[in-house]
Amino acid sequence: MTVDAAPSPPVAPAIRAIGPSGSGEAEQCARMMAASEPWRTLGRTYQRSLDVVRQPDRDIWVAVDGAAVLGFIIVDHRGLLNGYIQTVCVDPGRRNAGVGSRLVAFAESRIFRESPNVFLCVSTFNPDALRLYQRLGYAVVGELADYLVAGHGEILMRKSRGPWSSFTPPAD
């Protein structure tokens with residue numbers, strides 16, 4: 001008599017810096033972005049998505065399973081909102097499997113080394129993402145009406161460990 005083994009739990013994707021130019025990962029990310037919401041509603045083309053993914057002054061990490069890119073995250077460390085999560089994108093076929101949450105947690109662990117705050121925006125027409133970020137501990141700061149496209153706003157959100165005045169970077 002054979003006993004079927006219980007299915008093993010899915011392996012968490014590896015998260016690492018996006019591959020170098022020529023690896024094809026930037027192109028995979030751009031296709032993923034241009035073909036899915038909220039970027040379709042925002043009018044993001046493949047070429048504009050590729051430009052975003054190739055920004056040299058941003059931190060860009062990918063969640064991968066072998067050669068497959070499951071999702072990616074882009075963080076901007078410049079300016080007033082130092083530690084701004086600019087983009088979280090998960091392949092539509094991989095959503096609701098924890099990939100986005102893992103990417104956000106990965107970015108937070110790096111941002112909180114340099115800043116007591118993490119910021120991000122979510123489109124008003126993207127209630128699933130809003131619920132995810134609220135579940136992850138983000139609070140609404142305010143709404144930027146008609147910010148990227150007419151008729152839709154961007155909700156600025158913040159996750160904080162306290163004010164800058166009491167922030168001490170962790171010792172490495």
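Predicted model: local features only at pLDDT ≥ 70, side-chain atom pairs only at ≥ 80, totals over all residues.
User: What is the phi of Asp146, and how do I read it?

Analyst: Most residues other than glycine have a negative phi. Asp146 has a positive phi near 50 degrees, although it is not glycine. Another such residue is Asn96, with a positive phi of about 65 degrees. Asn96 belongs to the loop between β4 and α3.

User: Is Asn96 buried or exposed, and why?

Analyst: Exposed means over 50% relative accessible area. Asn96 has 85%, so it counts as exposed.

User: Which residues does a cis peptide bond join?

Analyst: Most peptide bonds are trans. Here, a cis bond joins Glu37 and Pro38, with omega about 5 degrees. Pro38 lies in the loop between α1 and α2.

User: Now the helices. Which residues of α1 are buried?

Analyst: In α1 (residues 25–34), they are Glu25, Ala26, Cys29, Ala30, Met32 and Met33. Viewed down the axis of α1, these buried residues fall within an arc of 160 degrees, so they line one face of the helix. They pack against β1 (14–17), α2 (46–53), β2 (59–65), β3 (68–76) and β4 (84–90).

User: And Arg161: which residues is it in contact with, leaving aside neighbours within four places in sequence?

Analyst: With those neighbours set aside, Arg161 is in contact with Phe112 and Pro116. Arg161 and Phe112 are 49 residues apart in sequence, yet their C-alpha atoms are 8.1 Å apart in space. Arg161 lies in the segment after β7 (154–160), and its relative accessibility is 65%, so it counts as exposed.

Methods: Residues numbered from 1 in each chain as written. Heavy atoms only, no water. Helix = DSSP H or I, 4+ residues; strand = E, 2+ residues; numbered from the N terminus. Buried < 20%, exposed > 50% of the residue type's maximum accessible area, 1.4 Å probe, protein only. Contact = heavy atoms within 4.5 Å. Arc of directions from axis to C-beta.
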